[in-house]
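Visitor: Could you walk me through this one slowly? I'm new to reading structures.
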Amino acid sequence: MNKNNIINLSIQISLNGLSFCILNRSTNLIEFLQHKSTNKKANPFELLDYLKQALESYPQLKQTFSSVQVIYQNELSNLVPKELFNEEHLADYLKFNSKILKSDYISYDEIAVNESVNVYVPYMNINNFIFDTFGVFEYKHASTILIDTFLQKENDSEAGAVFMNANETTFELIAIKNNTLLLYNSFEFSTKEDVIYYLLFTMEQLKLSPESVKLKLMGQIVKDDDIYSIIYTYVRHIEFYQPKYSFDFNEHSKPSEQHNHAVILNSF
C-alpha cells in the first residue's frame, strides 16, 4: 500500500457488536467494512475483550492510520438545545432518563445543523485502549451522526419522515418534519411486536399518520423478514434508505444491502 495514502479508520462500538470501516481518501474507496456481533448484550469490560480479539483477527486493522474515529452507540444520550446547555450540568441532562453511575465520564457533541448538544456516556476503558493502540483519535455518539446526516441530506415531505435504524436488539427512531427534528429515541426490543408497538406509539405521540408518513428503514433489516413484514402491515409508505455516499467500495467491502451500516458509513 502506498505509504502516502490518507487512510481513515472508523470503529462503531455497541453492546451488541463492533463494526470497522477503512476509507482510503486518496483513492476514495472503502477498503474494509466488517461487523462482528457479540452474540449477546455485553458489558463495557467484555466489549474491550471483543475489541482486542477483533484487532488481532483482521490484518487490515494493524496498519498505520491517518485518523481514527470511535462511534458509541448506546441509549445513554440526550439532546439539549444549545441555548440551554451548560457544561457544568452534564449529569443532570442524563440522570432522569438513563442509568448512569457517579463514576461515568460524560461527554458531548455539538450538532450545528439544529443548534443542539448531544450529551452522552462513552466507555472510557475503550477510549483508553484506543489511545494506547492508535494514539490521538476522535469520538462521537451514533445519534449525532444520524441526526446530522438526515437533517442535512434528506428532504422530508410535509407529511413528515421517520428513519428507523435496526440493530440486533435495539433500534433508533429519528422523526423529521419541515426540516425540523421532532424526535430521536432508542428502543430495546425482543420481539417484532415490541418494534411495531414502539413505532406506532411514537407516530401517535408525534401526530404522524401511518397512512401518510414516509418510513425509511436501515441497518440490520431486510425485506420480508419478521420485522419488515409486521411494519409493512401497519405503515403504508415504507422504503429502504438509499444513501448517496461520496466514495465507492472495493469488491471486498461492498455491503450486501445499500441500507446496511448507515451509521459508520455516514461517519466520514
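Guide: A strand here is a DSSP run of E with at least two residues, a helix is a run of H or I with at least four, and both are numbered from the N terminus. This is a predicted model, in which local features need pLDDT of at least 70 and side-chain atom pairs count only at pLDDT 80 or more, while totals for chains, interfaces and linings use all residues. Residues are numbered from 1 along each chain as its sequence is written, and side-chain values use heavy atoms, leaving out hydrogens and water.

Visitor: OK, where is histidine 141?
Guide: Histidine 141 sits in strand β8.

Visitor: And is histidine 141 buried or exposed?
Guide: Histidine 141 is buried, because its relative accessibility is 1%; buried means under 20% relative accessible area, exposed over 50%, and partly exposed in between, with a 1.4 Å probe and protein chains only.

Visitor: What does histidine 141 touch?
Guide: Leaving aside residues up to four places away in sequence, its contacts (heavy atoms within 4.5 Å) include Ile71, Tyr72, Asp109 and Tyr184.

Visitor: Which sheet is β8 part of?
Guide: β8 belongs to an open, mixed sheet of six strands, ordered β8-β4-β1-β2-β3-β14, where strands pair if DSSP finds at least two bridges between them. β8 (138–141) and β14 (248–249) are at the edges with a single partner strand each, so one side of each has no neighbour in the sheet.

Visitor: How many bridges join β4 to β8?
Guide: Four bridges join them, and the two strands run parallel; in one of the pairings, valine 70 has tyrosine 139 of β8 as its bridge partner.
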